[in-house]
Amino acid sequence: MHIREEQRERHTLAVLVDNEPGILARIAGLFSGRGYNIESLTVTDVSEDEAVSRITIVTSASPTTLEQVIAQLDRLVPVHKVVDLTAAGPHVERELALVKVKGTGDHRIEALRLADVYRARVVDATTTSFVFEVTGGTEKIDKFVELMREVGLIEVARTGIVAIARGIEAA
């Protein structure tokens with residue numbers, strides 16, 4: 001008997017939920033209880049009275065598994081809506097990173113040159129280091145961090161992905 005494993009695909013989910021204690025733990029538990037990894041997770045209030053939050057989850061799963069996860073998320077009582085932005089069509093994804101780099105001598109000049117190419121903004125500077133703010137797609141940030149390793153990367157903090165559908169329809 002030969003078991004065929006389905007191909008895993010990266011998907012971005014937008015989940016609207018009641019803003020109540022424990023909901024994030026329940027959603028994370030749904031993923032971890034089934035052995036699926038959450039690659040990125042962001043949460044924000046989206047209503048004026050702070051009663052509803054939007055959770056953006058990036059995960060990789062087979063189409064069958066993803067269908068099951070979405071169905072199980074939909075069944076949770078405080079969940080209002082689950083949208084697979086990847087399957088729904090065109091959407092915008094962005095991430096923010098703060099990147100701390102050593103900055104002395106030629107490395108200082110190179111770090112500033114690379115930051116300019118990647119449109120990273122200097123948000124803190126000392127005579128020995130910089131903190132750059134860079135936004136964009138995951139690939140852009142990964143490449144910027146990789147290049148900064150060569151000139152003296154010290155530390156990186158990343159927000160995780162935020163995403164929104166294009167057009168006039170809300171997710």
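How many Å should the 13 residues of helix α2 (residues 63-75) span at 1.5 Å a residue, and how far apart are its end C-alpha atoms? The views below are of a predicted model, in which local features need pLDDT of at least 70, side-chain atom pairs count only at pLDDT 80 or more, and totals for chains, interfaces and linings use all residues. Residues are numbered from 1 along each chain as its sequence is written, and side-chain values use heavy atoms, with hydrogens and water left out.

**View A. Length of helix α2.** The expected span is 1.5 Å times one less than the number of residues. Helices (H or I, at least four residues) and strands (E, at least two) are DSSP runs, numbered from the N terminus.

**View B. Buried and exposed residues of α2.** T65, L66, V69, I70, Q72 and L73 are buried (under 20% relative accessible area; exposed is over 50%, partly exposed in between; 1.4 Å probe, protein chains only).

**View C. The F132 and F144 pair.** The ring centres are 6.0 Å apart and the planes stand at 90°, so the pair is edge-to-face (centres within 6.5 Å for rings of Phe, Tyr and Trp, its six-membered ring; planes under 30 degrees apart are stacked, over 60 edge-to-face, the rest tilted). F132 belongs to strand β7 (residues 129-136) and F144 to helix α5 (residues 138-151).
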